[in-house]
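Please open the model in your viewer and keep the selection panel at hand. The tour below moves from one selection to the next and says what to look for at each stop.

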Amino acid sequence: MEISSREFQISNKMLYQESIKLFDRAKKNIPGGVNSPVRAFKSVGGNPLFMKSAKGAYMYDVDGRQYIDFINSWGPMILGHANHEVLEAIKKQADDSTSFGAPTEWEVDMAELICSIIPSVDKVRMVNSGTEACMSAVRLARGFTGKDKIIKFAGCYHGHADCFLIEAGSGALTFGEPNSPGVPKAVANDTLIARYNDLESVNAIMQANSGQVACLIVEPVAGNMGCIPPAEGFLEGLRSLCDQHDILLIFDEVMTGFRLTLGGVQELYNVQADLVTYGKVIGGGLPVGAFGGKAEIMNHLAPDGPVYQAGTLSGNPVAMAAGFTTLTILKNHPEIYTELTKKAEYLAKGIQQILESKSIPHTINQVGSMLSVHFSDRPVTDFDSAKNAAGETFNKFFHHLLENGIYLPPSAYETWFLTDSLVDSDLEKVLEVVKGFKI
Ligand SMILES: *Cc1c(COP(=O)(O)O)cnc(C)c1O
């Protein structure tokens, strides 16, 4: 029997009373009651939970319930919530003021740290979100090459700038509206869509648009249609196709940067991009994004060059304090990444065995501390296979876990993010709860 959103809502009423009251209030003055669409639980049904506090791997909602958190603010809380060192850095900077609109030493420290970690980045510009990072990287690529067209992949999300909202994965997908109203046709026409893990589709587009393409932007491990790893040779193939056609390769590492390894996908798969974008982990829980690359390209940015880009709060000292402290801890503790991967592998294997024993069709994709459970027995390698795997089963799975104190991303198109704070008993609890799952 299919359980409708309405039924979820009724059966969960007792558990989530305070959240339900807050959501009712929120809907009056906030469109859809939320400030970012996926938070509204529209695809899984039910009432979004309002959070009150979090520490380490656990979040507490306004009804006083505890959850093991697998969203981790969509990635940033890789060290766990309310990390002591990160909080101390934030508080110390806040005492010295929260913003100047003038340069600070933090920004120099941050740029030096990023450039020392990422070999392909000689210079980096800080912004306030992943969206801004991707939007600005594409403008720079267009300004640098003098060409207008860009290539992206169906199911990849690069933030909500106009040129990306075409077959954009995740939030956009969840609402069945891959192409948002409000994106001018002229802008959409310059965005060419290839198929993930299909080099032939890329080559065909490059041939057909010879001399007109500024850049190709890709999530080098896709995370916005569930977690989808690049097929063997895919990233190397993109690198060489871009070189052949004189097109800039942009890796959108907003999700994967400083998460899969310190050096992100570039380090993990040993492929270098011309420009890289960051967000999420780089801000340690505060609003930060960044884009960087070779000096030759970055020098085209204002005030050195003609390509304009700016931000009132860019490089904000409190945000830099949080991000710099987070990255420094990660740099000094490389074992965090091995531990995270071990935990993710343990979970993936455990869940797989349980679902297998129940004869529930599934495909689990996992790379480092990113993983996703698709309810389909076919490989999930691109946008079409991800769409095929997203159905009611995921929604039931989501609510079963939620009711038992495990907080997953509320959409089959999202990736679970693990945090260093997870301990063995947390992982055991997840497996115990999955054992109780019935379709
Ligand atoms: C989250 C995300 C973005 C957008 O970042 P925001 O900070 O939400 O604007 C862009 N690209 C990827 C790959 C992301 O996962």
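A residue is called buried when its relative accessible area is under 20%, exposed when it is over 50%, and partly exposed in between, with a 1.4 Å probe and protein chains only. This is a predicted model, in which local features need pLDDT of at least 70 and side-chain atom pairs count only at pLDDT 80 or more, while totals for chains, interfaces and linings use all residues. Residues are numbered from 1 along each chain as its sequence is written, and side-chain values use heavy atoms, with hydrogens and water left out.

Begin by selecting Leu 241, which is buried, with a relative accessible area of 9%. Leu 241 belongs to helix α9, residues 234–245; helices here are DSSP runs of H or I with at least four residues, numbered from the N terminus. If you leave aside its neighbours within four places in sequence, Leu 241 is in contact (heavy atoms within 4.5 Å) with Leu 199, Val 202, Asn 203 and Met 206.

Next, select helix α3, residues 84–95, whose 12 residues should span 16 Å at 1.5 Å a residue, and whose end C-alpha atoms are 17 Å apart, which agrees; the expected span is 1.5 Å times one less than the number of residues. Which residues of α3 are buried? They are Val 86, Ala 89, Ile 90 and Gln 93, and they cover an arc of only 100 degrees around the axis, which puts them on the same side of α3. The arc is taken from the directions from the helix axis to the C-beta atoms. These buried residues pack against α4 (105–117) and α12 (317–332), whereas the face of α3 turned away from its buried side carries the exposed residues His 84, Lys 92 and Asp 95.

At the N-terminal end of α3, show the side chain of Asn 83, which caps the helix with a side-chain oxygen 3.0 Å from the backbone nitrogen of Glu 85. Just after α3, Ser 97 takes a positive phi of about 95 degrees.

A backbone N or O atom of Tyr 157 lies 3.2 Å from a nitrogen atom of the ligand, and an N or O atom in the side chain of Asn 224 is 3.2 Å from a ligand oxygen atom. In the side chain of Asp 252, an N or O atom is 2.6 Å from a nitrogen atom of the ligand. Taken alone, the ligand exposes 380 Å², and the protein buries 83% of that, by the Shrake-Rupley method with a 1.4 Å probe.

How values were computed
Helix = DSSP H or I, 4+ residues; strand = E, 2+ residues; numbered from the N terminus. Polar contact = N/O pair within 3.5 Å; in protein donor to acceptor, adjacent residues only side chain to side chain.
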